Amino acid sequence: MSNLRFNGKVAVITGAGAGLGRAYALLFASRGAKVVVNDLGGDPHGGGTGQKAADGVVNEIKQAGGTAVANYDSVTEGSKIIKTALDNYGRVDILVNNAGILRDKSFANLTEDDWDIIQNVHLKGSFKTTQAAFPVMKKQGYGRIIMTSSGSGLYGNFGQANYSAAKTGVVGLANTLAIEGAAKNVYCNVIVPTAGSRLTQGLLPEDLYQELKPELIAPVVAYLCHESCQENGTIIESAAGWAGKSQIYRSKGCLIRQRITDPATIESVQANWPEITNMKNAVPLVSLSASRVALVEKLEYLRKGEQTPTSSSEGALFTFSSKDLILYALGVGASVQNPEELKLLYENHQNFSVIPSFYILPSMHAVTSFRRLNTIPGKTISLENMLHGEQYLEIYNSPPEAGTLLNNPKIVETLDKGSGAAIVTDINSYNEQGALIMRNQCVSFAIGAGNFGGPRTGKKIVPCVPKPDRKPDLSLSYKTTIDQAALYRLSGDTNPLHIDPNFSAIAGYETPILHGLCTLGISVRLVMGAFASYDQKLFRAVKARFTKVVIPGQTLRIDMWRNGNRIHFETVVVENGTAAIAGAYVDLNAIKTGIIQNKVTASTLKSDAVFEYINDQIKVQPDQAKSVNGIFLVKITKDGEIVKEWTMDLKLASIYEGAGQDVKPNTTLVVSDDDFVELAVGKLNPQQAFLKGKLKVTGNIMLAQKLGPLLKAAPKL
Ligand SMILES: CCCCCCC[C@@H](O)CC(=O)SCCNC(=O)CCNC(=O)[C@H](O)C(C)(C)COP(=O)(O)OP(=O)(O)OC[C@H]1O[C@@H](n2cnc3c(N)ncnc32)[C@H](O)[C@@H]1OP(=O)(O)O
């Protein structure tokens, strides 16, 4: 790792004559910054002045070959300090508000003078110095400001009422500066150091004091001030070579009135106090607007007379990390065998990606914890009779790749389907800032709970869409493993129906069945690979109906039809030819496929490798058109087994004159492994390959005749 430098940068450090300030000044100077060493030279309680402290540090810096100048002004005259920087070096890039004194007294003994001097030095001093530097930084489009707070400010400390207030004050100052400077690349963060300095000498045990070296905190401050650091508005605590972030968390709280017309009463506050103060599912609120969004949302609930989801509603919160995304991807068959799928499995991949159907899981988590079992009067619904009937997911805003989603399940209708009841549940999911991220709709099919006299047709249920009446444009297969459900269930659906043979037998199945959402995840993965290059940003929505059970170990074939940005699909169990998912589609924002991304290496190929172009979509355009586009499925087979398959989008400019006829699918092209690799990575385009005689066409001789001229005329890929 190369050293982080501050060459060309000017750093102003207040209170730099000793302790932390001195450590900061020495470090910045040693890394190339020009430093203004400010120190009033007074005592720890605010008395006296002198030049010795600042001069001493300036000399230290100069002797080490660095550049520094002293300033002896009080921070309450901060503009003079900044002027020193501007006069000597012409700019100011970094300001560390570090200067401070103490006047500790119990509150009962605190005088107004004790109060004022502390506010003046810490809070007003930080204000005055920053006020002078801020416009300069904004103008130059770069600045890093540090406020120094204290554990006493964040948590309180006996005998430090004046100091605590000032130290919390600078946090508030930093919060707003972070917002006001952000657009101009001027960031403001807070350091909460615990160091052995002249302020803490005598207050801390000697052995602890010795470990709390300022030099162990200085790198944290320096990093926060480096141009590579994008942190803004953050509180960092640091001591003894440790650093951590502090944040304000708020409980979910709860409404203390039922309807918008109800008053709030002292009694309703008392009754709800445990919930108001329940921090079990508290979330950090990072902005005022996030806090307001959450409030507005609660008002909406009040207006509609609905109960808001609270931290106590089990399953309302879904917290996940990259590990969960990877576990899900493995559960739905992603494999490093396909180099394109590495980005689904490796959190440090530069294009680490999510299979979007993962975002169904938060809703399932909420729904399965939701009391639905008594939804239909007179009917007992048990877990073994409950099947996943349909699922819809629509993304409204970019979902997070880690964090917590708040999910709000609500049964919107219950349909009487005769053989069963279809319970339709809508689940809105909100991010930690309170923004609506997505909507799921989950239809559970309760077998045997029908004939209760309810409506058969729904008004709120998102409809399935029949598949197009033509052969699929593309079919991709995936053989599930015998352990598919055992792996998938680790993503959260631990229904014994999928693992416990005794339980599945009670439900009437010979063996445990696969999760509907696993089948759906496999299908979405293959659709995303074929039509979106796994780019989750291109995903908008998915709808599917689970029509037949799947047994782990069976092979799934996903038939796909492209209709604009909608990919219809049907998932068929190859062994028995029945559709396990029907009426399904994925809506994309755009289509993205490409040959170059499907790079393979020679080691994955054998010399007798065969690859097939299967494509219904290649159509020679009517009227002697000059171009042909097509999505090809490429399969590499060895001894009849598919060792690799993927799609590629070939755009072949054509001089072919025999327009109006379709190119037939299922034709085999044979090519040697070396040539293939070259073709796949784009070194050799099909035209060159063909002309060199390396790309041979076998099988359908008509296709050979047709493809020949096409390939000859192919542009460089
Ligand atoms: C919400 C949280 C989820 C609940 C917890 C789930 C947790 C998970 O762990 C559970 C699972 O993952 S289970 C595995 C995935 N699901 C399946 O395998 C279900 C497969 N489907 C079936 O077996 C049948 O379609 C079956 C049994 C569903 C229906 O078959 P039949 O009884 O033969 O019904 P049929 O005669 O075909 O149709 C009657 C009416 O019902 C409608 N319908 C059919 N399938 C439906 C389905 N999957 N979802 C919703 N409605 C469905 C039909 O349209 C028909 O109604 P109408 O006449 O009005 O059109």
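**Reading a predicted model: ligand, helix, strand, cysteines**

Visitor: Which other residues place polar atoms by ligand oxygen atoms?

Guide: Lys 417 has a polar side-chain atom 2.8 Å from a ligand oxygen. Gly 516 uses its backbone: an N or O atom there lies 3.0 Å from a ligand oxygen.

Visitor: How many residues surround the ligand, and which are the closest?

Guide: The shell holds 25 residues. Ser 419, Cys 442, Asp 493, His 498 and Phe 546 are the closest.

Visitor: Which element gives the largest share of that shell?

Guide: Strand β12 does, with five residues. At least two residues each come from α13 (361-368), β12 (386-395), β15 (436-447) and β17 (539-546).

Visitor: Now a helix. What should the span of α1 be, and what is the distance between its end C-alpha atoms?

Guide: Helix α1 covers residues 19-30, which is 12 residues.

Visitor: Which residues of α1 are buried?

Guide: Leu 20, Gly 21, Ala 23, Tyr 24, Ala 25, Phe 28 and Ala 29. These buried residues pack against strands β1 (10-13), β2 (34-38), β4 (94-97) and β6 (186-193), and against helices α2 (52-63) and α8 (218-224).

Visitor: What follows α1?

Guide: Gly 32 does, with a positive phi near 100°.

Visitor: Take Asn 38 in strand β2. Is Asn 38 buried or exposed?

Guide: Buried means under 20% relative accessible area. Asn 38 has 2%, so Asn 38 counts as buried.

Visitor: What does the Asn 38 side chain pair with?

Guide: The side chain of Asn 71, through a polar contact of 2.9 Å.

Visitor: Last, the cysteines. How many disulfides are there?

Guide: A disulfide is a covalent bond between the sulfur atoms of two cysteines. The search of the whole structure finds zero.

Visitor: Are Cys 254 and Cys 464 buried or partly exposed?

Guide: Cys 254 has 18% relative accessibility, so Cys 254 counts as buried. Cys 464 is partly exposed, at 27%.

Notes. Residues numbered from 1 in each chain as written. Predicted model: local features only at pLDDT ≥ 70, side-chain atom pairs only at ≥ 80, totals over all residues. Heavy atoms only, no water. Disulfide = S-S within 2.5 Å. Buried < 20%, exposed > 50% of the residue type's maximum accessible area, 1.4 Å probe, protein only. Helix = DSSP H or I, 4+ residues; strand = E, 2+ residues; numbered from the N terminus. Expected span 1.5 Å × (residues − 1). Contact = heavy atoms within 4.5 Å. Near = heavy atom within 4 Å. Polar contact = N/O pair within 3.5 Å; in protein donor to acceptor, adjacent residues only side chain to side chain.
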